Amino acid sequence: MHDTDVNPGNEYPDLEVGHNKTWAVGVPAILHSMEPALREMGPTRTAKLMTAINQKNGFDCMSCAWPDPGDRNILEFCENGAKAVTWEATPITVPTSFWSENSLTSLLDKSEYWLGMQGRLVEPVHKPAGADHYEPIGWDEAFALIAERLNGLSSPDQAAFYTSGRTANETAFVYQLFARAFGTNNLPDCSNMCHESTGTALSETIGIGKSTIAYDDFGKADLIIVMGQNPGTNHPRMLTALEEAKRNGATIVAVNPLPEAGLIRYKNPQKPRGIIGRGTQIADHFLQIRSGGDMALLQAVSQRVLEAEDAAPGTILDHEFLAKHTLGLEEFRAHIAALDDFTVLEATGLTLEEIDLLADLYIRSDRVIITWAMGLTQQKNAVATLKELITLLLLRGNIGKPGAGASPIRGHSNVQGDRTMGIWEQMPSTFLDALQAEFGFDPPRAHGFDALQTLAGLQRGDIDVFFAMGGNFVAAISDTAAAEAAMRGAGLTVQVSTKLNRSHVVTGEEALILPTLGRTEVDLQAGGPQFLSVEDSVCAVHATHGKIPPVAPGLLSEVAIVCRLAQATLGDRHGIDWAGFEAEYDVIRDHISRVVPGFETFNADVRRKGGFVLPNGPRDERRFDTATGKAMITVNELEPLERPEGRLILQTLRSHDQFNTTIYSLNDRYRGIKNGRDVIFVNPDDLVELGLTDGQRVDIHSEWSDGVDRVLPNYRVVSYPTARGCAAAYYPEANVLVPLQSAATGSNTPVSKAVIVRLEPVPQA
């Protein structure tokens, strides 16, 4: 167990603030990757794991869903990938004595960092009703307890089954099968909180909620527009693909409220120019957009494309593509003609010259990729914004040709695969029909609860059992205080986890923690060593093989946990062979092959070196499986985000040493923050306007129509080159400021990129 100096409660007395960096990776990334790995795991364990990560016969990195190139380096990982492996594969374990020595009340005061640093969970533990401590429990007893609670519910819909994106395809399939065989579609997942807006917008406009490019398309593009995204921290291996694109002649434009070091300059640590040279300038142009202004920018560029076509008919739009594959152009043309520059400039904070530049680059480029992440998906108008993005691509036929397309970048390694496998509260009838044909029972048809609806159900008392397959739900979701209060209202909460986090200490009346194997560990079942599979951001599916022995005896795999729970709960109901699934994962894949399109020869395809790529209508054949059979050019009303006088628009973001809610250290190297996280980044001109100074302590209050005073107390102001009127603070701490009611229209995703806040100075002692 680690003894750390972390001071919980947002107080970091050793906080240091330096300067933001203008380049990313290079030698420092190597040092920051290897130092913790060697310290925690030793040289032998480190070498074995780091040479297997993201390799064709190795294991898939859990830190992001960035796709793997066909030709891979010997060391095919990034700094945060190495830290994720170290964090999971540490030989440090939580001892049995920990549970008697630490009450839940005392653990509530510990930070996410402290909790994660205690080591791997290695035994099931149970918190009885009314108790303040967990205590060890046997596996069979734990499953019997959960089964009794589930079977005692008056309706299956009183249970919710949450899923994290680390869950592999095979686990996800049996997990959703168990939930539906039990009788509910309450399958909230982490996608509800991140790329749900992407899936909603793309499904409605192009017929599939996934990327329309392949990995190699980056190297073929003329123009790449990177929006609402920080590759240098959240998926650093993307910088290598962007560097390749630059060296092939591509122009790259970054659109973001904050300058990000990785998009300024990249020092590739596997190339001499990245070690001893200046590296590669990534973004040719940086458009520092105001938070919430992306939709206005996209509409303005589309308007200029149409104006250019009017000035030179037949030379700008891809008329053949539009006529054959799309609907809605004339309605869009009429609507967008009324867009005025003043509204756009107010919404974006950009200049006409910057907007004209982007439009000109788009018009002059034959092959364009637009790539984005949560900077776009967590806005109030996220779905409409992404529909505008698709429209811009469609105008010049930039879908379904090499070097062009829509490229959402997922943040968790198999969040996309989980959805493919059926982890969704509203799977289509075609999937449910296939389940029925395969397993002989009629799955529930009514839509279940997503993440925010699950919390609402907990608040009302409609949900009594909350089961989480990985993740850290109460820390990841918005409105922390309300979320924790809701979770405490559950009768039973169950967490399947590798390490401690906040969701283990904020529990229902009764609680269980079920420890599980990590992705790095060998999964030995009755049928021999097993492997799993994942799907990345470009629809490529490949195997992942654990490489080291489990950190402790008695750990169960996620598949085994689901299957044993299903046996305990359902018995012989529906005649599903849960024991056979646990013994041999090929059996699971055989069932998947008959249920999920694209997996018809799953067991053979996944054994090919490098795996296989799922069919994708827009990418492969310009086929759009929408309601009309065409790609839809849509009309969306622009609703600029208003900033009241004396207020700022806050966005939440990760630090560099962080993966989702997992904190690897208290540093954010690229933004100049060390030994702390209680900071808010504010433009220096806004500080003057607000009468504040760099280094001053403030309470951050969010403002919402319900009148609830949500506050993040005693934060240090950091003067930082954010967009004017905009501020930023770290997730998950700043989630307390995001109201549960603040959700994206159409996707119900928490709006974490448009929080109206006021800063109130903390009185000096």
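Val27 belongs to helix H1, where helices (H or I, at least four residues) and strands (E, at least two) are DSSP runs numbered from the N terminus. In this predicted model, Val27 has a relative accessible area of 35% and is therefore partly exposed. Buried denotes under 20% relative accessible area, exposed over 50%, and partly exposed the range in between (1.4 Å probe, protein chains only).

Together with Ile30, Leu31, Ile275 and Ile276, Val27 forms a nonpolar surface patch with about 460 Å² of accessible area. Helix H1 (residues 27-50) supplies the largest share of this patch, three residues. Patches are built from residues with over 30% relative accessible area and no salt bridge, with like charges joined within 9 Å and nonpolar side chains (Val, Leu, Ile, Met, Phe, Trp, Tyr) within 5 Å. Accessible areas come from the Shrake-Rupley method with a 1.4 Å probe, and for residues only the protein chains shown count as cover.

## Basis and confidence of the model

Residues are numbered from 1 along each chain as its sequence is written, and side-chain values use heavy atoms, leaving out hydrogens and water. As the model is predicted, local features need pLDDT of at least 70 and side-chain atom pairs count only at pLDDT 80 or more, whereas totals for chains, interfaces and linings use all residues.

The average pLDDT (the predictor's confidence in each residue, from 0 to 100) of the chain is 94, and 98% of the residues score at least 70. Over residues 1-10 the pLDDT is below 50, although this stretch has 25 contacts in the model beyond near neighbours in sequence; contact means heavy atoms within 4.5 Å. Where pLDDT is low, the predicted coordinates should not be read in detail.

## Nonpolar cores

The largest nonpolar core has 64 residues, of which Phe161, Phe178 and Trp578 touch the most other members. Such a core is a set of buried Ala, Val, Leu, Ile, Met, Phe, Trp, Tyr and Cys residues joined through side-chain atoms within 4.5 Å. Helix H7 (residues 169-182) contributes the largest share of this core, nine residues.

Leaving aside residues up to four places away in sequence, Phe178 touches Leu150, Phe161, Val562, Leu565, Ala566, Thr569, Leu570 and Trp578. A second, separate core of 51 residues includes Ile208, Ile316, Leu376 and Ala631.

## Salt bridges

The structure contains 51 salt bridges, each defined by a side-chain nitrogen of Lys or Arg within 4 Å of a carboxyl oxygen of Asp or Glu. One of them joins the side chains of Lys387 and Glu204 (2.6 Å, N to O). This pair links helix H19 (residues 382-395), which holds Lys387, to helix H8 (residues 196-206), which holds Glu204, across 183 residues. Lys387 is buried at 14% relative accessible area, while Glu204 is partly exposed at 43%.

Arg697 and Asp678 also meet through their side chains in a salt bridge (2.7 Å, N to O). Arg697 lies in strand S28 (residues 697-702) and Asp678 in the loop between strand S26 (673-674) and strand S27 (679-682), so the bridge ties together parts that are 19 residues apart in sequence. Arg697 is partly exposed, at 24% relative accessibility, whereas Asp678 is buried, at 1%. Elsewhere, salt bridges with shared partners join Glu79, Lys83, Asp657 and Arg669 into one network.
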